[in-house]
Amino acid sequence: MEVQTQQKNGATVVAVTGRLDAVTAPDLEKTLAGLVDQNQLKIILNMTGLSYISSAGLRCVLSTSKKLGAKRGKLILTGVMGMVKEVFQMAGLYDLLTIFSTDEEALKGG
Amino acid sequence: MASNLQLDLTLPANKENLACFLGAVTGLAEGAGLQASRIQMVELVTEEALVNVMDYAYPEGDGSITLSAQWTPSDGLVLTITDQGTPFDVLSAPPPDLNLAADQRPIGGLGIHFIKKIAAKVTYARTDGRNVLTIVFAP
């Protein structure tokens, strides 16, 4: 799994690629927790390059969403598709989280 | 059409070995001719079942997991995950409440939910001091 972070129009865009499973999720959790601690409160998590996600990955997303909510921040997901979308749907989370197709839409509407 | 396939793999129950277990199962599933999207779901279920054991079965220290996978054209894919850890019926855990808002959701419980939702049949038994979880995927 690889994580690339960049600032864009007042938001932090975190692009994650590869697999988000029980082994790799703690690394993403650490990266996102660090951003929240630094008060980066609008985070766009771009999952376009993610080929696989398990409950460990979902836990990381939920935990970050809660931490941001507590600070009146926001987590937005983009590029959720394929198997990753299916897993979010199975968990009943796809309609609950803020999800846009692209970073551009997320920056405009999120 | 592939003939019957079988694998048995025993490794220490820690996450360093997760990739090896998953690679073995996906390799067998590919050999069986399963579609890529189906293999991903098999992999997900396998991960969730294994990680439960890795996280909870051996609180005092080290132990191992035996993963057996068998594929036949008539019965589909049968996974058996066996450990000698603390007695734990993973199927008896309460299901997650999917009606809660995202920020209300407790963080756990999803792994077992996926196993039950994806597999055709899941059973647990405690036999000879072992937890045995059997997961069946329809052919």
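Tutor: What follows is a close look at the interface of chain A and chain B. This is a predicted model, in which local features need pLDDT of at least 70 and side-chain atom pairs count only at pLDDT 80 or more, while totals for chains, interfaces and linings use all residues. Residues are numbered from 1 along each chain as its sequence is written, chains are lettered from A in the order in which they are written, and side-chain values use heavy atoms, with hydrogens and water left out.

The contact (heavy atoms within 4.5 Å) takes 23 residues from chain A and 25 residues from chain B. The area buried between them, meaning the accessible area (1.4 Å probe) that two parts lose on being put together, summed over both, is about 2,000 Å², and carbon and sulfur atoms give 66% of that.

Across this interface the rule finds one salt bridge, a term for a side-chain nitrogen of Lys or Arg within 4 Å of a carboxyl oxygen of Asp or Glu. It joins the side chains of A:R19 and B:E43, at 2.7 Å from N to O. On the side of chain A that touches chain B, the elements giving two or more residues are β4 (50-53), α2 (55-70) and α3 (82-90), where helices (H or I, at least four residues) and strands (E, at least two) are DSSP runs, numbered from the N terminus. Of these, α2(A) gives the most, with six residues.
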